[in-house]
Amino acid sequence: MPNLDPVILFFLLGAFAGLAKAELRLPASIYDFVSTLLLLAIGLKGGVELARAGEGIPPVELAALLALGFGMPIPVFLVARHLGRLSRADAASLGAHYGSVSVGTFAVLIGHLAAQGIPYEARAPVWVVVLEVPAILAGIVLARGFSGDVAWKPLLRELLLGRSIVLLLGGLAIGWLSGPEGTASIQPLFFGLFKGILALFLLEMGLIAATQLGALKRNAVFLVLFGMLMPLFGAAVGALLGRAIGLSPGGILVLATLAASASYIAAPTAMRTAVPEANPALSLTASLAVTFPFNIIIGIPIYQRLATLVASF
Amino acid sequence: MQHYTRRMVTIVTESALERTLVAELEALGVRGFTITDARGKGSRGLRQSDWAPEGNIRVEVICDPAVADRVAARVREKFYDHYAMILFMQDVSVLRSDKF
């Protein structure tokens, strides 16, 4: 038997239960709790490592990440508009989703890297924070232009104070301020139980993804193809960019996976209020029901080879 | 016991709209409201409450008929086109006329 990662099997269990319409539903508060733990654990781990290494984030790297975040929606938009024949609003919304990132995918990758003992930059959680918002802004501009009918101020406030950013940055700060010794007392919960929490999270994600699959009706062929090919393109861009700014092989893999991933929390919520005429089911289904499973099951092993290849040049 | 007639407006809509809707209601002179998470099925398909971007809320407002009409008109103009939303109203009896 192949040695399958149990967390992936939990995802498949959730997806099976969802597809079979089994009597299985986790209460919303459990999902909130589990995802809060994950976000804090990722932040804390990064913060502790940062305190140990004493490294900062180079300005070139920050600029590259912002360029990736703002730029990624453009090819997505063009493909969706011309190959997928989607409306401008729908194509822009898809751009926002695919330019932004998925913390869930990042969590699976972190678990995978830890299990394989592959080192990567401790500041990687900061990349997630930096990459989350720019693409959503770019998506809104692609749909609306720079016109005045978007209430930018409350939108920015909502985005920058979103759950994932507050918890990731909060965790990073706590980890960094208290250091390896200081966090020893909370390590059993956040680090020791990380994989178990991740398994529960993925069980719920499987259920949600399977439910979302039911929304796949119109544009189904395009969305399924897009949801699997776009991550490959994103991963290639991310890997090359990571190589160009001199990341470690592990770091290249992280950036490739982030660029391949698509948002299913921050982007849908923001696009729903900023671009209401975009069909919310379209982007969410592609991101949640196609790209997320593709990335965690098939994508990450591919990106790992890609990163090794790119790093060897 | 003395009681007074007021109107209760119920809005069932997407939870993504909560913040925008609340700001609208307050600008229209609504003094209070109750929001609960909701699930159900309508013309826009199954709406589940356990996934935030896809969840529904039910907003209940008790106010005088003039405010209720303003709320209905505003909500219809601003949200009906693009959001999953229904609105209905009914007369209710309240004990404190100054509260609603």
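Select Ala38(B) and Asn56(B): in this predicted model, Asn56(B) of strand 5 of chain B is the bridge partner of Ala38(B). Now extend the selection to the two strands concerned. Strand 2 of chain B covers residues 34-38, and its pairing with strand 5 is antiparallel, over five bridges.

Two pairs of residues mark the way along them. Pick Val12(B), and opposite to this residue in strand 5 stands Arg58(B). Then pick Val9(B), which has Val61(B) opposite in strand 5 of chain B.

Next, show the whole sheet. The sheet is open, has four strands in the order 2-5-1-6 in chain B, and its pairing is antiparallel. Strand 2 and strand 6 (85-94) of chain B are the edge strands, each pairing on one side only. On average, neighbouring strands in this sheet are turned by 20° against each other, with direction ignored.

Stay in the sheet and centre the view on Val9(B), a residue of strand 1 of chain B. Is Val9(B) buried or exposed? Val9(B) counts as buried, because 23 other C-beta atoms lie within 10 Å, and the cut-off for a buried residue is 20 or more. Display its contacts, leaving out residues up to four places away in sequence: Val9(B) touches Val61(B), Ala68(B), Val71(B), Ala72(B), Leu87(B) and Met89(B). Also select Glu60(B), which is 51 residues away from Val9(B) along the chain; the C-alpha atoms of the two are separated by 5.7 Å.

Zoom out until chain B is in view as a whole. Chain B has two helices and six strands, and along the sequence they follow the pattern β-α-β-β-β-β-α-β. The radius of gyration of chain B is 14 Å, close to the 13 Å that the globule rule gives for 100 residues, so chain B is as compact as a globular protein of that length. Along the principal axes, its C-alpha atoms fill a box of roughly 45 × 25 × 20 Å. Of the 100 residues in chain B, 26% count as buried. Among contacts in chain B with a separation of 6 or more, 73% are between residues 24 or more positions apart.

Move on to chain A and select helix 2, residues 28-53. How far apart are the end C-alpha atoms of helix 2 of chain A? They are 38 Å apart, which agrees with the 38 Å that its 26 residues should span at 1.5 Å a residue.

The last stop is the nonpolar cores. Select Leu38(A), Trp127(A), Ile136(A), Leu198(A), Leu255(A) and Ala256(A): of the 112 residues in the largest nonpolar core, these touch the most other members. Helix 16 (residues 280-311) of chain A gives the largest share of this core, 14 residues. Centre on Leu255(A) and set aside its neighbours within four places in sequence; Leu255(A) is then in contact with Trp127(A), Gly238(A), Ala239(A), Leu241(A), Gly242(A) and Leu247(A). To finish, select Ile11(B), Ala16(B), Leu17(B) and Met85(B), which are included in a second, separate core of 16 residues.

Note on methods
Residues are numbered from 1 along each chain as its sequence is written. Chains are lettered from A and ligands numbered from 1 in the order in which they are written. This is a predicted model: local features need pLDDT of at least 70, side-chain atom pairs count only at pLDDT 80 or more; totals for chains, interfaces and linings use all residues. Two strands pair if DSSP finds at least two bridges between them. The expected span of a helix is 1.5 Å times one less than its number of residues. Axes are lines fitted to C-alpha atoms, for helices over the stretch in contact, and angles run from 0 to 180 degrees between N-to-C directions. The radius of gyration is taken over C-alpha atoms; the globule rule is 2.2 Å times the number of residues to the power 0.38. A residue is buried if 20 or more other C-beta atoms lie within 10 Å of its own, exposed if 12 or fewer, and partly exposed in between; C-beta atoms are placed from the backbone. Two residues are in contact if their C-beta atoms, placed from the backbone, lie within 7 Å. A nonpolar core is a set of buried Ala, Val, Leu, Ile, Met, Phe, Trp, Tyr and Cys residues joined through C-beta atoms within 7 Å.
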